[in-house]
Amino acid sequence: MDTNFSDDFLVQGKFSIKKTSTEYKGKLTKDEGAQLLIQEKEKLRDLQEKLYADGSKSLLVVLQAMDAAGKDSLIEHVFGGVNPQGCNVTSFKTPSSKEYSHDFLWRHYLALPQKGMIGIFNRSHYESVLVCKVHPEYNLSEKTWDSVKGFDDKFWENRYESIRNFEKHLAQNGTTIVKIFLNVSKDEQKKRLIDRIDEQEKNWKFSAADLPERALFDQYMENYETAINETNKKDAPWYVLPADNKWFARVAAVQIIIDTLEKMDLKFPQLSDNEKLGLQEAKSTLESE
């Protein structure tokens, strides 16, 4: 049985969201997926330690999805076993007035992982070509444009170019980027939103504001397709994961991250002969106490 799915969801060539499954789960059962996730998380923890010890590179994981697609639970279940000292999660909400007073990428620069670290963007700079493309009036808060008439095709081309250049710059300076889109169907989203209402312990997750955005589901899918096609590059690849089965999306995501870390050629620091001699002298000193 094939139990490594990381290459299955790498976007190659022109991406079509209508031709992409949201339900795929391979030949795994849910129980088999749960066991596989446990095994993979152990590998991830070891690789994170190696990344931290190496200290010359960083990993940025970008997570994008519609509401109720499972971003938060994926972060919890995939990264729950790593050392929190080496991992940082940033959830990007509506920009503050201070953030709006800078360019749209500024706040994302501030949250980038330092060398040796894993950084996770729960939503990201892509919101500027997703929600802000569905609601172009939001861009007026940047105070650079006076009217939504300024948000023409050239405007959006410039945004995609800025994102490509941003990610290229990061890749050239030691940050490996993995971008994951959790592809949930409209029917499954509906089911999960209803669950948030029916299950009291999930009520806090539900927001009435989710419903107007759900009504624009098809428009969001069109924008995701365009954004992925415009920014899918070798140094910043997109992976589109079927997310109707949360447990499977988690298995696929952890495998993608593991494979990415393994390709980064990480090394534990090597001690010089003098440093090794110093260790032995320190050991002798401790043993003689």
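Me: In which sense do strand β1 and strand β3 pair, and over how many bridges?
Reply: They pair in the parallel sense, over five bridges. Strand β1 covers residues 58-65 and strand β3 covers residues 118-122. Keep in mind that this is a predicted model.

Me: Which residue in β3 stands opposite Val-62?
Reply: That's Phe-121.

Me: OK, zooming out. What's the strand order in the sheet?
Reply: The order is β2-β3-β1-β4-β5, with five strands forming an open sheet and parallel pairing. The edge strands are β2, at 87-91, and β5, at 238-242, and each of them pairs on one side only.

Me: And how many degrees are neighbouring strands turned against each other?
Reply: On average 20 degrees in this sheet, with direction ignored.

Me: Switching to helices. Which strands does helix α9 lie across?
Reply: Helix α9, residues 217-231, lies across β1, β4 and β5. Relative to β4 (175-183), α9 runs at about 155 degrees.

Me: What span should α9 have, going by its residues?
Reply: It has 15 residues, so at 1.5 Å a residue it should span 21 Å. The end C-alpha atoms of α9 are 21 Å apart, which agrees.

Me: Which residues of α9 are buried?
Reply: Phe-217, Tyr-220, Met-221, Asn-223, Tyr-224, Ala-227, Ile-228 and Thr-231. Looking down the axis of α9, those buried residues fall within an arc of 165 degrees, so they line one face of the helix.

Me: What exposed residues does the face turned away from that buried side carry?
Reply: Asp-218 and Glu-222 sit on that face of α9.

Me: Now the whole chain. How many helices and strands has it?
Reply: The chain has 11 helices and five strands. Its C-alpha trace spans about 75 × 45 × 40 Å along the principal axes.

Me: What share of the residues counts as buried?
Reply: 45% of the 289 residues in the chain.

Me: And what share of the contacts comes from residues 24 or more positions apart?
Reply: Such pairs account for 81% of the contacts in the chain with a separation of 6 or more.

Me: Last one: what domain does UniProt list for residues 28-267?
Reply: The UniProt entry, which is unreviewed, lists "Polyphosphate kinase-2-related" as the domain there. Over residues 28-267 the model is 49% helix and 13% strand, and the end C-alpha atoms of that stretch are 33 Å apart.

Key:
Residues numbered from 1 in each chain as written. Predicted model: local features only at pLDDT ≥ 70, side-chain atom pairs only at ≥ 80, totals over all residues. Heavy atoms only, no water. UniProt positions renumbered as here; feature names shortened; annotations may be inferred. Helix = DSSP H or I, 4+ residues; strand = E, 2+ residues; numbered from the N terminus. Pairing = 2+ DSSP bridges. Axes fitted to C-alpha atoms, helices over the stretch in contact; angles between N-to-C directions. Contact = heavy atoms within 4.5 Å. Expected span 1.5 Å × (residues − 1). Buried < 20%, exposed > 50% of the residue type's maximum accessible area, 1.4 Å probe, protein only. Arc of directions from axis to C-beta.
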